[in-house]
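Trainee: I have a structure open and would like to talk through it. Can we start with the terms, then the contacts?
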Amino acid sequence: MHEEEEEARSIYRPEPNKPSRGSHLASVRMDPPAARLPSDAAAAASAPSRHRVVCPGCDRPARVCLCHVIPSPPIPTAARVVVLHHPHESRHKLSTVPVLSRCLLNSTVLLHRKLRPGLSPLLDRSPPSIYLFPPSSSSSSTASPCLTLSQLRASDLLRRAEPEGLVVIAFDATWKHAREMVSASEEYLSRFAVRVCLDFDYDESVDGGSIYDSELLLRKEPYGGCVSTMEAVARVLRAVEANGEEVERRLIGVLKEMVRLQASFLKPVKPRNKLLKKGKQRAATEENGAEAGAGAE
């Protein structure tokens, strides 16, 4: 028995002058991946990539590059712009925030779902600020009363913001997510910021468009008075900057070119879904069904 065990062990004993099994495998040279592929696959691997080319200057596809219209250097402003950018919206190809941040020198983009202490050193200093969002009829809102831009200019908030300048906070997301972001952030914002809306009516019974009509129509808004983030910021800077008309003109010029280039690649624009409660949605569906039945008669 012992002799059989000794003989079995001797079978696996490495020879003195030969590398062990592991060292032998480690010394084998592996061929490049393309060399081990069939001829067709190897040709495909060596073919040029079909991924779209992205401009390193504006980080947009080369076919819709905006480097020729994005201000260089960026536009300086006394106001400091902070955009809370929802993670979902950051992946949307038609988002205006990346373009806006390249146009403005004093701008910051925060990729988050709510504003809170510790997220922005600037906001943690509680500077005189405004945050942009349409008025809400919710009685549970803890926000400051909503001012229009005309009321803002008549207040002393701009004077109190000197010399550092006013902080303008915008929320960028779908309207459903934006409402959630504002609601989650208002407790923090109520310490130092005033809610501001643009100088026109917000009407949920009217289809939304753009304050510049079809000329800037990338995505239709859910109801009248809603606009894109870049449009809203341009409108506010017009009101609070000493050279506001010039700042707005340059921002809108970039947005017009963005729309012009994008238009040839877009399908016909459809309105975003209106933000209706379930009960109203059910009533609207029943009403549409009744109208369709009457038409059939």
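Mentor: Buried means under 20% relative accessible area, exposed means over 50%, and partly exposed lies in between, with a 1.4 Å probe and protein chains only. This is a predicted model, in which local features need pLDDT of at least 70 and side-chain atom pairs count only at pLDDT 80 or more, while totals for chains, interfaces and linings use all residues. Residues are numbered from 1 along each chain as its sequence is written, and side-chain values use heavy atoms, with hydrogens and water left out.

Trainee: How many salt bridges does a search of the whole structure find?
Mentor: The search gives 9. A salt bridge here is a side-chain nitrogen of Lys or Arg within 4 Å of a carboxyl oxygen of Asp or Glu.

Trainee: What does arginine 80 form a salt bridge with?
Mentor: Its partner is glutamate 164, with the closest N and O atoms 3.8 Å apart. Arginine 80 sits in strand 1 (residues 80-85) and glutamate 164 in the loop between helix 8 (157-160) and strand 5 (167-172), so the pair ties together parts 84 residues apart in sequence. Helices (H or I, at least four residues) and strands (E, at least two) are DSSP runs, numbered from the N terminus.

Trainee: Is arginine 80 buried or exposed?
Mentor: Arginine 80 is buried, at 15% relative accessible area, whereas glutamate 164 is exposed at 54%.

Trainee: And what about arginine 238?
Mentor: Arginine 238 is partly exposed, at 38%. A salt bridge joins its side chain to that of glutamate 245 (3.7 Å, N to O), and glutamate 245 is exposed at 56%. Arginine 238 also forms a salt bridge with glutamate 248, where the closest N and O atoms are 2.6 Å apart. Glutamate 248 is in helix 11 (residues 244-263) and arginine 238 in helix 10 (residues 229-240), so this pair ties together parts 10 residues apart in sequence. Glutamate 248 is buried, at 7%.

Trainee: Changing topic: what is the strand order in the open sheet?
Mentor: The sheet has 6 strands in the order 2-1-5-3-6-4, with parallel pairing. Two strands pair if DSSP finds at least two bridges between them.

Trainee: Which strands stand at the edges?
Mentor: Strand 2 (107-111) and strand 4 (147-148) do; each has a single partner strand, so one side of each is left without a neighbour in the sheet.

Trainee: How many bridges pair strand 1 and strand 2?
Mentor: They pair over 5 bridges, in the parallel sense. Valine 83 has valine 109 in strand 2 as its bridge partner.
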